[in-house]
Amino acid sequence: MPLILTEEQTMLKEAADGFLGENAPIAHLRKLRDSRDPDGVSRELWRAFGEMGFAGVLIPEDHGGSGLGAVEAGVVAEALGRTLTPSPFMGSGVLAATVLKGGSAEQQAAWLPRIAAGEAIVSLAVDEGPKHAPARMAATAVRSGNGFRLNGAKGFVLDGHVADALIVAARTEEEIGLFLVDPSTDGVVVERTVMVDAHNAARVTLTDVEVDADALIGSVEAGEALLEGALNLGRACAAASLTGAGDQAFQTTLEYLRTRKQFGKLIGEFQALQHRAAHLFSEIEIARAAVMGALQGLDEGRGSAPLAVSVAKAKAGRVAELAVQEAVQMHGGVGMTDEFDVGLFMKRVRVLNELLGDAGFHQERMARSQGF
């Protein structure tokens, strides 16, 4: 398939960019940060996201969603990257919604319509250490009575401090299980962790948490595959957000090059800066193509899609990092100040690079898949 958006996807992109540009520009992030908002995210904006159809882009129409695919989710994720908007979209609209689509009819009916409407936030709790490493998961789920007893600690749980429900990944005797957990359940402790980019995550500690058997999403045997499918989609969307953030930092820098004068000339006239800008433009386009290829592969169910996702996440992360570094350097000393937005993009890219695996994680994943 051509690595470009269709007409309908382009319309979605314009709608998402327009909505976020008007309702949640970078000033929205600054306001939440500077006012020390206790949630760090706007429930009102999340409901508006639902009204626009963005929150339920991956949710089937019979559950109130748009019934679209990975490419469309990537379009929304890229728009969020451009405006740096704190939003439950990644945690709820992508990761949790994808897991819940593999759940029972009752679980889907209870949560998918509410996520699609922007009325509920559901967070997926997977990571436990400083780096993304689902294969080294230590949290346990032991059969107890007609249910399970959960023990363990999770970190980097997106918007976990305001979640209406948690989806906890834990090891059973056989495989990995995914469990719906009410944050108010005895033994669950949730601690907000404000990240360096002023977005939200939480630490979740589970101590002898008792859940019924119907809290299990899908089956124990299918849990690992269900989790991996959600993570791959999340990784591709994180790559799209990286592309959006990197490209917007680049566009901001181009505008600065066109207006800032030094020695009586626009700095954009200096050939050295032109060469650096041209190189960065080329790299961003390559990253965007890699992300599009990964999203299309997920939609088509290609066997190579997981590797394409790793290529996209690693490439988008490296390119976005280059983009924000160049943005700060080309802005000069003012690029390091909070008054200019480029520093905010640098912080966001740093967090997105760690989310669901950095470049090193995905390079190793590819190498192991090839037998190295």
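Me: What should I know about numbering and confidence before I start?
Reply: Residues count from 1 along each chain as its sequence is written, and because hydrogens and water are left out, side-chain values use heavy atoms. This is a predicted model, where local features need pLDDT of at least 70 and side-chain atom pairs count only at pLDDT 80 or more, while totals for chains, interfaces and linings use all residues.

Me: Is Arg36 buried or exposed?
Reply: Arg36 is exposed, at a relative accessible area of 75%. The terms work like this: buried means under 20% relative accessible area, exposed over 50%, and partly exposed in between (1.4 Å probe, protein chains only).

Me: Where is Ala198, and what is its phi?
Reply: Ala198 belongs to the loop between β6 (188-194) and β7 (200-212). Its phi is near 70°, again a positive value in a residue other than glycine. Ala198 is buried, with a relative accessible area of 15%.

Me: Let's turn to strands. How should I read the two faces of β1?
Reply: In a regular strand the side chains alternate between the two faces of the sheet. In strand β1 (residues 122-125), Val122 and Leu124 point one way, Ser123 and Ala125 the other way, and all are buried.

Me: Which way do β1 and β4 run relative to each other, parallel or antiparallel?
Reply: Two strands pair if DSSP finds at least two bridges between them. Strand β4 (residues 165-171) runs parallel to β1, and 4 bridges join them.

Me: How many bridges join β4 to β5?
Reply: There are 6 bridges, and these two strands run antiparallel. They form a hairpin with 4 residues between them. Across this pairing, Val168 stands opposite Phe179 in β5.

Me: Why is β5 described as largely enclosed?
Reply: 6 of the 6 residues of strand β5 (residues 176-181) are buried, so the strand is largely enclosed by the rest of the structure. Both faces are covered, with Ile176, Leu178 and Leu180 on one side and Gly177, Phe179 and Val181 on the other.

Me: Now charges. How many salt bridges does a search of the whole structure find?
Reply: Side chains of opposite charge can pair when their charged atoms come close. The cut-off for a salt bridge is a side-chain nitrogen of Lys or Arg within 4 Å of a carboxyl oxygen of Asp or Glu. The search of the whole structure finds 23.

Me: Which residue pairs with Glu228?
Reply: Glu228 meets Arg235 in a salt bridge (3.2 Å, N to O). Glu228 is partly exposed, at 27% relative accessible area, whereas Arg235 counts as buried at 1%.

Me: What separates Arg350 and Glu354 along their helix?
Reply: Arg350 and Glu354 are 4 residues apart in helix α10 (residues 342-354), so about one helical turn separates them. Their closest N and O atoms are 2.5 Å apart in a salt bridge. Arg350 is partly exposed, with a relative accessible area of 40%, and Glu354 is buried at 17%. Elsewhere to look, salt bridges that share partners join Glu78, Arg82, Asp247, Glu285 and Arg288 into one network.
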